[in-house]
Amino acid sequence: MRIFAEETASEGAKVPSEFVYESFENVVVSHGFQASKSTAMINKQDLTAFVEESLQDTGNFLVDVRVTPDNNVTVEIDNPEGVDIDTCASLTRKIEARFNRDEDDYELEVGSAGLTSPFKVRGQYVKNVGNPVEVLTRDGRKIRGVLSQVDGDAENIEFTLLVPKKIKEPGKKKPVMVDEPVALKASECKSVKYSFDFK
């Protein structure tokens, strides 16, 4: 098992930054993770439903569940305030209690989505309202701006960026910078992610 979460500046503090990986060898041993491989596959739909139910009323939300053919399971979660290791460890224990390793032998990673990873769910868009983002559209445009608004539901995400643009106003010699709203749909984009170098 590997548990990964966001890097913290101090004990218990949550800081929105790149997550770091932490290995807990003592946990691996105490939980008996050296079981022999089986051919049973963990059910992704059942796991997804269980994680979503476990996260209800916690402030956390599910970003992604991945299950490889050799039963390597990755669960990514997020929270507007960031995700800490204790949260990941708690969810790990719940998953292990629900999905029997004697029946479904699997390797499990539970952690937060990386800050530079493309947004996958509506909660990530909402979390980043007011932050600079970079968008790559399906027609090849790269747009950088501040995410100002999120609309639509989980299946039809719409959002608005405030994009800096130079315009020449009547009576002024030099162009001035204004924020131009640009409305987009997630379905029109190859990727939307937090932008570190936005100016």
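Of the 199 residues in the chain, 39% are buried. The model is predicted. The chain holds 4 helices and 10 strands.

**Overall chain**

- Among the chain's contacts with a separation of 6 or more, 55% join residues 24 or more positions apart.

**Helix α2 against helix α3**

- Helix α2 spans residues 44-55 and helix α3 spans residues 85-98; their axes come within 11 Å and cross at roughly 135 degrees.
- The crossing of α2 past α3 is right-handed.
- On the α2 side, the contact is made by L47, F50, V51, S54 and L55; on the α3 side, L91, K94, I95 and R98 take part.
- By class, the residues in this contact of α2 with α3 comprise 6 nonpolar, 1 polar and 2 charged.

**S195, after the strand β10**

- S195 sits in the segment that follows β10, a strand covering residues 189-194.
- The relative accessibility of S195 is 3%, so this residue counts as buried, the cut-off being under 20%.
- Apart from neighbours within four places in sequence, S195 contacts P132, V133, E134 and R144.

**N131, between α4 and β6**

- N131 belongs to the loop that links α4 (122-127) to β6 (132-137).
- N131 has a relative accessible area of 24% and is therefore partly exposed, a class that lies between the limits of 20% and 50%.
- Residues touched by N131, leaving out those up to four places away in sequence, are G145, V146, L147 and Y194.

**N131 and S195 together**

- N131 and S195 are 64 residues apart along the chain, while their C-alpha atoms are separated by 8.1 Å.
- N131 is partly exposed, whereas S195 is buried.
- Y194, one of the residues that N131 touches, is part of the 189-194 range of β10.
- P132, one of the contacts of S195, falls in the 132-137 range of β6.

Technical notes. Residues numbered from 1 in each chain as written. Predicted model: local features only at pLDDT ≥ 70, side-chain atom pairs only at ≥ 80, totals over all residues. Heavy atoms only, no water. Axes fitted to C-alpha atoms, helices over the stretch in contact; angles between N-to-C directions. Helix = DSSP H or I, 4+ residues; strand = E, 2+ residues; numbered from the N terminus. Left-handed = near helix turned anticlockwise from the far one by under 90°. Contact = heavy atoms within 4.5 Å. Nonpolar A, V, L, I, M, F, W, Y, C, P; charged D, E, K, R; others polar. Buried < 20%, exposed > 50% of the residue type's maximum accessible area, 1.4 Å probe, protein only.
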